[in-house]
Amino acid sequence: MMSRNFSMRAKVLIQPLVLFQIIDAYERRPKDDNQVMGTLLGRNKEGHIEITNCFTVPHKEHPEINRIDLDISYASEFLELNMLTYSNERVLGWFSTGKSVSRSASLLHEYYARECGEVQPVHLVMDATLKSQRLSTRLYCAVEIGVPGGTKGVMFSLVPLEISNGSSDLVALRSLERQSLQQGTKQMERFLPELVQVVDATRDIQQRLDLVLRYINDVLARKKKPDNVVGRALHAALTAVPLLDSEKFRHMFNTNLRDMLMAITLSTMIKTQLEISEKLSCMQDQ
């Protein structure tokens with residue numbers, strides 16, 4: 001029976017950084033390895049699961065005897081070091097690259113079931129070859145099957161998975177999207193300064209608001225047929241925004257903008273100070 005601490009209908013969130021870590025590990029894998037696998041880390045509070053980190057674990061496959069050997073000592077040491085830095089992260093399961101669940105998944109499930117304790121471990125399968133031009137990711141949860149009192153086995157069932165995008169993740173993803181559209185150039189695009197990103201975000205919001213206002217005016221003028229789905233989405237978006245008058249909003253925006261400019265100034269001063277200190281140390285060595 002499946003653990004009571006996990007529901008197959010619950011949504012699991014995963015941060016984009018985890019996917020990039022798996023792709024990077026797959027690209028840097030040894031020549032003799034066909035796949036990479038490792039441990040998934042994150043938070044699990046009251047059934048709310050979020051995968052925030054991962055690390056690869058060296059392994060050796062024996063397909064002729066359906067066996068896989070994990071470097072358990074390496075996994076334990078790396079997990080201990082990770083706990084010193086990120087004390088709120090716990091083991092949630094494991095990942096492996098490929099198109100489907102491998103035969104060794106049941107063996108790995110036993111190990112990670114012990115590592116996760118009372119929490120049901122999850123298994124992330126990711127096709128890192130990107131041959132279909134899509135990032136195929138699937139999340140599974142093991143469920144015990146079999147006849148009571150007889151032989152039992154494990155079946156891996158799909159679990160809903162969503163990508164959790166933070167503000168910093170959206171900036172990086174948009175930069176990658178713009179770079180992918182520029183197929184003719186090989187030079188990587190540099191990240192824009194914070195203030196330029198604020199201007200771009202404000203311009204993007206203004207364009208979206210113009211699109212929404214155009215739709216509303218067309219519906220009121222009976223040029224377009226109203227859509228209930230769009231109406232509910234607009235209602236949810238408008239009710240999520242706190243009611244502020246223009247003067248309070250202007251004061252709040254200017255205050256946050258000044259704080260951001262102060263942080264940019266301080267970071268620039270620190271960077272300049274480090275460069276001067278490095279040059280002075282080089283002069284003393286000479």
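Accessible areas here come from the Shrake-Rupley method with a 1.4 Å probe, and for residues only the protein chains shown count as cover. On that basis the protein exposes about 21000 Å², of which carbon and sulfur atoms supply 56%. This is a predicted model, in which local features need pLDDT of at least 70 and side-chain atom pairs count only at pLDDT 80 or more, while totals for chains, interfaces and linings use all residues. Residues are numbered from 1 along each chain as its sequence is written, and side-chain values use heavy atoms, with hydrogens and water left out.

Begin with the whole protein in view. Of its 286 residues, 25% count as buried, that is, under 20% relative accessible area (1.4 Å probe, protein chains only).

Next, select W94 and Y112. Rings of Phe, Tyr and Trp (its six-membered ring) pair if their centres lie within 6.5 Å, and planes under 30 degrees apart count as stacked. The protein has five aromatic pairs by this rule. The ring centres of W94 and Y112 are 5.5 Å apart and the planes stand at 10 degrees, so this pair is stacked. Both residues are buried: W94 has a relative accessible area of 1%, and Y112 one of 2%.

Then move to Y26 and R29. The charged end of R29 sits over the ring of Y26, 4.0 Å from the ring centre; this requires CZ of Arg within 6 Å of the ring centre and within 35 degrees of the ring normal.

Finally, select C141, which counts as buried at 0% relative accessibility.

Key. Buried < 20%, exposed > 50% of the residue type's maximum accessible area, 1.4 Å probe, protein only. Phe/Tyr/Trp six-rings, centres within 6.5 Å; stacked < 30°, edge-to-face > 60°.
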